[in-house]
Amino acid sequence: MTGNSDEIAAIVLAAGASTRFGEPKQLLQFGDKTLVRRAVETAVETGCRPVIAVLGAHFDSVKNELDGLDCCAVLNPDWSAGMSGSIKTGIEKTLEIAPAASAAFIILCDQPLIEAAHLKMLFEKFRTAKKPIAAAAFGEIAGPPAIFSKEMFPDLLKLSGDRGAREIFRRRPQLVERVFLPEAAFDLDTREDLERIKNAGK
């Protein structure tokens with residue numbers, strides 16, 4: 001996937017400790033793949049380059065799940081402080097290894113109904129709307145997966161806490177192209193979520 005002949009990076013956030021779920025979500029089998037491998041494979045299939053997997057808790061076990069995939073696994077040393085640190089780690093790595101990247105996707109590893117076609121649709125809306133952000137929308141909520149132009153990287157690097165990029169969506173809604181994507185409503189935090197997602201995916 002390219003935009004203006006530049007690379008579009010993908011940052012897969014997979015660093016959390018899964019305390020509400022009770023075991024590492026990243027390593028949970030969903031269908032025939034673990035959540036983390038499914039998310040990274042989806043990003044690779046989309047054509048994003050580079051694909052950066054930001055890891056933290058259970059680093060070695062999660063990294064082993066990515067064997068053979070065209071991705072760069074990077075440790076967020078402050079993973080326990082919340083999602084914003086993982087976003088910053090991913091943006092910093094993007095700037096290091098792909099300084100020509102014109103934009104970056106932020107993708108969660110615990111949204112297993114998100115497929116490559118959804119990311120490609122987001123990219124097309126991003127390209128045609130000419131806003132610096134395109135984000136999945138369901139109901140009144142806008143959130144990941146989302147794509148950010150390079151001009152938004154400084155804002156992403158200023159994030160703090162566990163709210164992630166939704167703070168930017170809240171403060172600067174005029175910058176966001178909202179793309180209806182009901183599959184993004186299904187993220188996996190609890191065992192109940194797992195059953196709900198399995199039923200939705202049937």
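Mentor: A contact means heavy atoms within 4.5 Å. The model is predicted, so local features need pLDDT of at least 70 and side-chain atom pairs count only at pLDDT 80 or more, while totals for chains, interfaces and linings use all residues. Residues are numbered from 1 along each chain as its sequence is written, and side-chain values use heavy atoms, with hydrogens and water left out.

Trainee: Among contacts with a separation of 6 or more, what percentage joins residues 24 or more positions apart?

Mentor: The count takes the contacts in the protein with a separation of 6 or more. Of these, the share from residues 24 or more positions apart is 69%.

Trainee: What percentage of the 202 residues is buried?

Mentor: Buried means under 20% relative accessible area, with a 1.4 Å probe and protein chains only. Among the 202 residues of the protein, the buried share is 52%.

Trainee: Which residues have the most contacts inside the largest nonpolar core?

Mentor: A nonpolar core is a set of buried Ala, Val, Leu, Ile, Met, Phe, Trp, Tyr and Cys residues joined through side-chain atoms within 4.5 Å. The largest one has 31 residues. Those with the most contacts inside it are Val12, Phe105 and Ile147.

Trainee: How many residues does the second, separate core have?

Mentor: This core includes Ile52, Val74, Ala135 and Leu156. Its number of residues is 25.

Trainee: What distance does helix α3 reach from its first C-alpha to its last?

Mentor: Helices are DSSP runs (H or I, at least four residues), numbered from the N terminus. Helix α3 covers residues 83-97 and has 15 residues. The expected span is 1.5 Å times one less than the number of residues. Close to the 21 Å expected, α3 reaches 21 Å.

Terms used:
Buried means under 20% relative accessible area, exposed over 50%, partly exposed in between (1.4 Å probe, protein chains only). Helices (H or I, at least four residues) and strands (E, at least two) are DSSP runs, numbered from the N terminus.
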